Amino acid sequence: FPSHDIICTGDTMSPMPRYEYPDRVIRLLNHALGHGAVKTGFASYHWNIAPNCSNPYTVEKWGKTTTDAFHDRKGVPLVYLTIDTKCRKCTNCLRSRSNDWNRRAISEVKVAARTWFATFTIDPYHRYVVLSETRLRVPAFEMIERDRQFTEQVKTVNVEITKYLKRLRKETKVPFKYLIVAEKHKDGSPHFHGLFHEISPDHPLRKEVLQRQWKFGFTSFKLVTEPS
């Protein structure tokens, strides 16, 4: 697409057209064409970036042009790019996302000075606090499906995890990378596993500090000897 042809773009998923700079349209279309997009009409293209998704989410981007040949008789712009994206909720998407994070975690372990593997659990008192706060925030909490109950409890605990990370940074002044994931107990309540990657051997994270700064229950930390 010549740069002088395309003057704006929109997104049909938005209530009103959202205009962007022409170079953004060009970059998107050129990237799509270089990564499997196919032409489906005179000025329309389709790009499937969710080949394994069971329920892809479709977004249509459109570009308005200054070239008469790209308009119909009513002047409607005819530059379209339809994109099939991942739903991120089906079994295939969840499995793919898990594999991606697993590969990323392994690569981080390989380059880190040291990596701590962590388990965070919530004691009975704070478990009650989490349930109470979640019930206040989510109407009819007891009536929703169990998976969503778990998700909403995780959202509540995420606030404390953010505070935990801030306390670590404030006390240690040590740069580090981390990955924390939630896992469900048999009773539906969450606990968490994490990886803490030390960036420099000259700035280690001390186990005592990692454990002490968790205020919601119990922790377990051990050094990762090899990625698995």
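Predicted model: local features only at pLDDT ≥ 70, side-chain atom pairs only at ≥ 80, totals over all residues.

Mentor: Residues are numbered from 1 along each chain as its sequence is written, and side-chain values use heavy atoms, without hydrogens or water.

Trainee: Which residues touch the most other members of the largest nonpolar core?

Mentor: A nonpolar core joins buried Ala, Val, Leu, Ile, Met, Phe, Trp, Tyr and Cys residues through side-chain atoms within 4.5 Å. Buried means under 20% relative accessible area, exposed over 50%, partly exposed in between (1.4 Å probe, protein chains only). Here the largest core has 22 residues, and Phe120, Tyr164, Phe196, Leu210 and Phe221 touch the most other members.

Trainee: Which helix gives the most to this core?

Mentor: Helices are DSSP runs (H or I, at least four residues), numbered from the N terminus, as are strands (E, at least two). Helix 4 gives the most, with seven residues.

Trainee: How far apart are the closest N and O atoms of Glu198 and Arg114?

Mentor: A salt bridge puts a side-chain nitrogen of Lys or Arg within 4 Å of a carboxyl oxygen of Asp or Glu. In the Glu198–Arg114 bridge, the closest N and O atoms are 3.0 Å apart. Glu198 sits in strand 8 and Arg114 in strand 6, 84 residues apart.

Trainee: Is Glu198 buried or exposed?

Mentor: Glu198 has 2% relative accessibility, so it counts as buried. Arg114 is at 32%, so it counts as partly exposed.
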